[in-house]
Amino acid sequence: MRRASTRSRRGEGALALIVGLGVLFVVVVACVRIIPLHIHGNEVLDALNEAANFGGLKPPEKLQYDVFMRAQNSKVPLKLEAIKVERSGSYIAISARYEQSVDVLGYKYVYKFDKRVEKPVF
């Protein structure tokens, strides 16, 4: 009798396994496409921090260009005009806004990045 009950259960998990593998595939593909965007966004934030650290030593145009070059090296579609350098009193604020789109299995997502760093000038 035990054999009869095991025969009726055989293969019940196959559909769940296929669906689970399909979901896992979609998640992995999405992560492979999306995570690099955020890594590059953090590289732009690092460039903004570094430029703000040298805010008292370099002119605003040079700071803007340094951030732009780091963004280009990271393959970020950041335009030179989208980088704003503002000095007010003893503080410097550097901001960058850009959009980056990604295609994940036919769906197009547009990620908007708005990074801003404000530090005191020494």
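In the predicted model, the side chain of S74 makes a polar contact with the side chain of E43, at a distance of 2.5 Å. S74 is situated in the loop that connects α3 (60-73) with β1 (83-88), and, leaving aside residues up to four places away in sequence, S74 touches H40 and E43. With a relative accessible area of 12%, S74 counts as buried, because this value falls under the 20% limit. The loop between α3 and β1 also holds K75, which, at 68% relative accessibility, is exposed. The backbone of K75 adopts a positive phi of about 60°, although K75 is not a glycine.

A positive phi at a residue other than glycine is also found at L105, where the angle is about 50°. L105 belongs to the loop between β2 and β3, and its relative accessible area of 45% places L105 in the partly exposed class, because that class lies between the limits of 20% and 50%.

As to the chain as a whole, its secondary structure consists of 3 helices and 3 strands, which follow one another from the N terminus in the order α-α-α-β-β-β. The C-alpha trace spans about 85 × 30 × 20 Å along its principal axes. The radius of gyration of the protein chain is 24 Å, whereas a compact globule of 122 residues would have a value near 14 Å. Of the 122 residues in the chain, 26% are buried, and the chain exposes about 8800 Å², of which 59% is supplied by carbon and sulfur atoms. Among the contacts with a sequence separation of 6 or more, 50% are accounted for by residues 24 or more positions apart.

Key:
Residues numbered from 1 in each chain as written. Predicted model: local features only at pLDDT ≥ 70, side-chain atom pairs only at ≥ 80, totals over all residues. Heavy atoms only, no water. Helix = DSSP H or I, 4+ residues; strand = E, 2+ residues; numbered from the N terminus. Buried < 20%, exposed > 50% of the residue type's maximum accessible area, 1.4 Å probe, protein only. Polar contact = N/O pair within 3.5 Å; in protein donor to acceptor, adjacent residues only side chain to side chain. Contact = heavy atoms within 4.5 Å. Rg over C-alpha atoms; globule rule 2.2 N^0.38 Å. Areas by Shrake-Rupley, 256 points an atom, 1.4 Å probe, with all protein chains shown as cover.
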